[in-house]
Amino acid sequence: LDQQNSLGRQLNENYAREIMELHTVGVHAGYQQGDVTSLAHLLTGWGAQREATMDGARVDYNYRFSPYLNEGAPQEVFGLAVPAAGSPETADDRIRMVIEMLACRPQTARFIAEKTVAHYLGMPVDKPTVDALAAEFLRSGGDMRRVLAAMVESPRFMAADAPEKLMTPGEFGVAMQQYVALTNAAAQGAMTMALARGTSTPYESTTTAISNAAPSLTSGSITT
């Protein structure tokens with residue numbers, strides 16, 4: 001998200017916006033553009049650095065905080081006044097303070113509860129279940145094990161009229177056969193193209209391979 005390029009005089013707000021919109025309070029929580037900009041200022045200096053492992057076998061991305069690249073001016077994020085950094089070494093503490101504040105917001109609890117219920121129990125989400133999970137999130141300090149336990153214990157979890165989220169064995173079998181058929185189609189198309197060109201190089205585009213092999217697929221090739 002270009003965080004490595006976000007500096008005090010060259011601000012990039014992508015990561016700050018993602019933190020608020022996707023990972024904590026959600027897009028409808030009521031934060032303003034100024035909150036995003038302030039968080040982006042606080043996040044300057046956060047990034048990742050490519051480094052070789054100790055044995056030299058590979059190169060990994062590792063989290064790094066560069067305090068001297070951080071903008072130390074006071075900020076305000078979602079009603080929280082963040083003081084100026086006392087020293088470069090304490091700049092990281094300000095970021096953690098804001099992240100912890102966002103994680104504890106009721107909007108975050110509800111956002112995560114809604115996503116959890118939608119994923120496991122289907123949509124539209126059941127409001128009483130969302131309320132119960134959001135309350136457990138706040139009560140447990142964001143312990144997702146207890147949030148999931150609260151969902152399992154909810155009346156909606158085993159309700160007979162709940163929307164189906166799992167495939168029956170028959171549906172799963174048909175889906176897997178369709179997947180295998182398309183995979184085979186890609187392989188057949190790649191071989192056809194390779195032979196036509198007099199080379200063993202496979203298709204670079206799986207979509208093209210499937211399209212070329214599509215005439216060889218019939219409904220009879222997918223059985224239940």
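A: A nonpolar patch is made of Val, Leu, Ile, Met, Phe, Trp or Tyr residues with over 30% relative accessible area and no salt bridge, their side chains joined within 5 Å. Accessible areas come from the Shrake-Rupley method with a 1.4 Å probe, and for residues only the protein chains shown count as cover. This is a predicted model, in which local features need pLDDT of at least 70 and side-chain atom pairs count only at pLDDT 80 or more, while totals for chains, interfaces and linings use all residues. Residues are numbered from 1 along each chain as its sequence is written, and side-chain values use heavy atoms, with hydrogens and water left out.

Q: Which residues form a nonpolar patch on the surface here?
A: The patch consists of F172, M176, Y179 and V180, with about 410 Å² of accessible area together. M176 belongs to helix α7, residues 169–197, and has a relative accessible area of 37%, which makes M176 partly exposed.

Q: How many helices and strands does the protein have?
A: Helices (H or I, at least four residues) and strands (E, at least two) are DSSP runs, numbered from the N terminus. The protein has eight helices and four strands, in the order α-α-β-β-β-β-α-α-α-α-α-α along the sequence.

Q: What share of the residues counts as buried?
A: Buried means under 20% relative accessible area, exposed over 50%, and partly exposed in between (1.4 Å probe, protein chains only). Of the 224 residues, 30% are buried. The accessible surface of the protein comes to about 14100 Å², and 57% of that belongs to carbon and sulfur atoms.

Q: Why is helix α2 described as largely enclosed?
A: Helix α2 spans residues 33–43, and eight of its 11 residues are buried, so the rest of the structure largely encloses α2. Among the buried ones are V36, L39 and L42. The buried residues of α2 pack (contact means heavy atoms within 4.5 Å) against α1, β1, β3, β4 and α3. G45 follows α2 and has a positive phi, near 100°.

Q: Which residues of α5 are buried?
A: In α5, these are T129, V130, L133, A134, E136 and F137. They cover an arc of only 160° around the axis (taken from the directions from the helix axis to the C-beta atoms), which puts them on the same side of α5. The face turned away from that side carries the exposed residues K127, P128 and R139. On the buried side, the packing partners of α5 are α3, α4 and α6.

Q: How many salt bridges does the structure hold?
A: A salt bridge is a side-chain nitrogen of Lys or Arg within 4 Å of a carboxyl oxygen of Asp or Glu. The structure holds nine. In one of them R96 pairs with D92, the closest N and O atoms being 3.1 Å apart. R96 and D92 are four residues apart in helix α3, so about one helical turn separates them. R96 is partly exposed at 43% relative accessibility, and D92 is buried at 13%.

Conventions:
Patch = residues over 30% accessible without salt bridge, like charges linked within 9 Å, V, L, I, M, F, W, Y side chains within 5 Å.
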